[in-house]
Amino acid sequence: MEGKTMNKGELVDVIADNAGVTKKQADTILTALTETIMETVSAGEKVILVGFGSFEARDRKARDGRNPRTGKKLKIPATKAPIFSAVKVFKEKVKG
């Protein structure tokens, strides 16, 4: 699948086939999963899926930046960013 992007519809199709459920059920489950992860992480909690990875919010420090169009310096404020960390098995599977 190198160089190809799988969209949500294609992912739903694969989940439905692999789990033996309807596409509607697979879509409902996938939507519930992603919404739950987003809500949990945005509430400051960490989500760990054993054998897959973890999702969490991390603080990003304020930093200096540059407007790419004008080259003008600007200050980028501190913020929180969602981070996904894959487990070792996942990382090694991607390496090949």
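I took contact to mean heavy atoms within 4.5 Å. The model I examined is a predicted one.

**Entry 1: overall form**

I began with the contacts of the protein chain at a separation of 6 or more, and found that residues 24 or more positions apart account for 27% of them. I then looked up the radius of gyration, which is 18 Å for the protein chain, whereas a compact globule of 96 residues would have a value near 12 Å. For the C-alpha trace I noted spans of about 55 × 35 × 30 Å along the principal axes. Of the 96 residues, 16% count as buried. I recorded an accessible surface of about 8100 Å² for the protein chain, and carbon and sulfur atoms hold 57% of that surface.

**Entry 2: secondary structure**

I counted three helices and five strands in the protein chain. Their order along the sequence is α-α-β-β-β-β-β-α.

**Entry 3: helix H2 at Asp27**

I looked up Asp27 and placed it in helix H2, which covers residues 23-42. Its relative accessibility is 30%, and Asp27 therefore counts as partly exposed. Setting aside neighbours within four places in sequence, I found Asp27 in contact with Lys8 and Val12. I also checked Asp27 against Ser42, 15 residues along the chain, and their C-alpha atoms are separated by 22 Å.

**Entry 4: charges and salt bridges**

The structure holds eight salt bridges. I followed several of them individually.

I first took up the salt bridge between the side chains of Asp59 and Lys80, with an N to O distance of 3.0 Å. Asp59 belongs to strand S2 (residues 53-60) and Lys80 to strand S5 (residues 79-86), so this pair ties together parts that are 21 residues apart in sequence. I checked the accessibility of both partners. Asp59 is exposed, at a relative accessible area of 60%, and Lys80 is likewise exposed, at 56% relative accessibility.

I next turned to the salt bridge of Lys75 with Asp64, in which the closest N and O atoms are 2.9 Å apart. Lys75 sits in strand S4 (residues 73-76) and Asp64 in strand S3 (residues 63-66), and the pair links distant parts of the chain, eleven residues apart. Both Lys75 and Asp64 are exposed.

I also noted a network of salt bridges that links Lys46, Glu56 and Arg58.

**Entry 5: helix H3 and the chain beyond it**

I looked up the salt bridge between Glu92 and Lys88, and its closest N and O atoms are 4.0 Å apart. The two residues lie four residues apart in helix H3 (residues 88-95), and Glu92 and Lys88 are thus separated by about one helical turn. I recorded Glu92 as partly exposed, at 43% relative accessibility, and Lys88 as exposed, at 61%.

I then asked how many of the eight residues of H3 are buried. The number is zero, so H3 lies largely in the open. Just after H3, I found that Gly96 takes a positive phi of about 100°.

How values were computed. Residues numbered from 1 in each chain as written. Predicted model: local features only at pLDDT ≥ 70, side-chain atom pairs only at ≥ 80, totals over all residues. Heavy atoms only, no water. Rg over C-alpha atoms; globule rule 2.2 N^0.38 Å. Buried < 20%, exposed > 50% of the residue type's maximum accessible area, 1.4 Å probe, protein only. Areas by Shrake-Rupley, 256 points an atom, 1.4 Å probe, with all protein chains shown as cover.
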